[in-house]
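Open the model in your viewer and keep the selection tool ready.

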Amino acid sequence: MDKYAIIVAGGKGRRMGAALPKQFLPIGGLPILMRTVSAFLAADPKTHVILVIPEDCQDLWQELCRQHAFEPQCGLACGADSRFRSVAKGLALVPDQGDVLVAVHDGVRPFASPQLINRCFAVAESEGSAIPVIPVVETVRQISPEGGSHVVDREAYRLVQTPQVFRAKLLKEAYCQAYQPSFTDDASVVEHMGHNVTLVEGERGNIKITTPTDLALAEYLCRE
């Protein structure tokens, strides 16, 4: 089956407090987004990569590619005002015909291993979907509307990561729905349509770089 990867990097990264959007900040000498693209091509060089980035950052991306001699040819879509609409714009570049698998991945998760990416594609090919998750290792408390709280069984919960991989037909149909505030990831969009999703083992090192602390950890991981 043909593989597509929609890498969503449409935000401005204001929580990082940097002049550049966080996806373009360097770690280990390369912009985060380049490392994310490279992760998918390391897993399978034939993967078709689609980048969803802000329209006013596309010239910056092209310039960074020239500076770093970064040659992979990626499709480009313009980021929208929400993740849901950004993914929909990326999906518009995925063909409607043929056997196609689509991964949707956060542009600021540059450390997904080839093993994780290939595992997600393999499970999605057989099951229709693959959602990487990791166990919760800290104590979890649920807050009540009255302001109190109580401990819940952390074994009943998982933290969700990307890439989330689906058969293209299923994902395209799901993204024809009207937006709902509960759509926090692609799995929630597909589930809203009445489909179950398949969970697979994620990776603790598959971090999402959101804050300056995350950026410092990413620099450490690059050195290691």
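Helices here are DSSP runs of H or I with at least four residues, numbered from the N terminus. The model is predicted: local features need pLDDT of at least 70, side-chain atom pairs count only at pLDDT 80 or more, and totals for chains, interfaces and linings use all residues. Numbering runs from 1 along each chain as its sequence is written, and side-chain values use heavy atoms, without hydrogens or water.

Tyr220 is partly exposed, at 40% relative accessible area. Buried means under 20%, exposed over 50%, partly exposed in between (1.4 Å probe, protein chains only).

Now select Phe84 and Tyr175. Their ring centres lie 4.8 Å apart with planes at 25°, so the pair is stacked. The rule: rings of Phe, Tyr and Trp (its six-membered ring) pair if their centres lie within 6.5 Å; planes under 30 degrees apart are stacked, over 60 edge-to-face, the rest tilted. Phe84 sits in helix α3 (residues 83-91), Tyr175 in the loop between α5 (168-174) and α6 (186-192), and the two are 91 residues apart. Both Phe84 and Tyr175 are buried.

With Phe84 and Tyr175 they form one aromatic cluster. The count of aromatic pairs comes to five.

Next, show Arg85. Arg85 lies over the face of Tyr179, 5.3 Å from the ring centre. Such a charge has NZ of Lys or CZ of Arg within 6 Å of the ring centre and within 35 degrees of the ring normal.

Finish at Lys3, which lies over the face of Phe121 at 5.0 Å from the ring centre.
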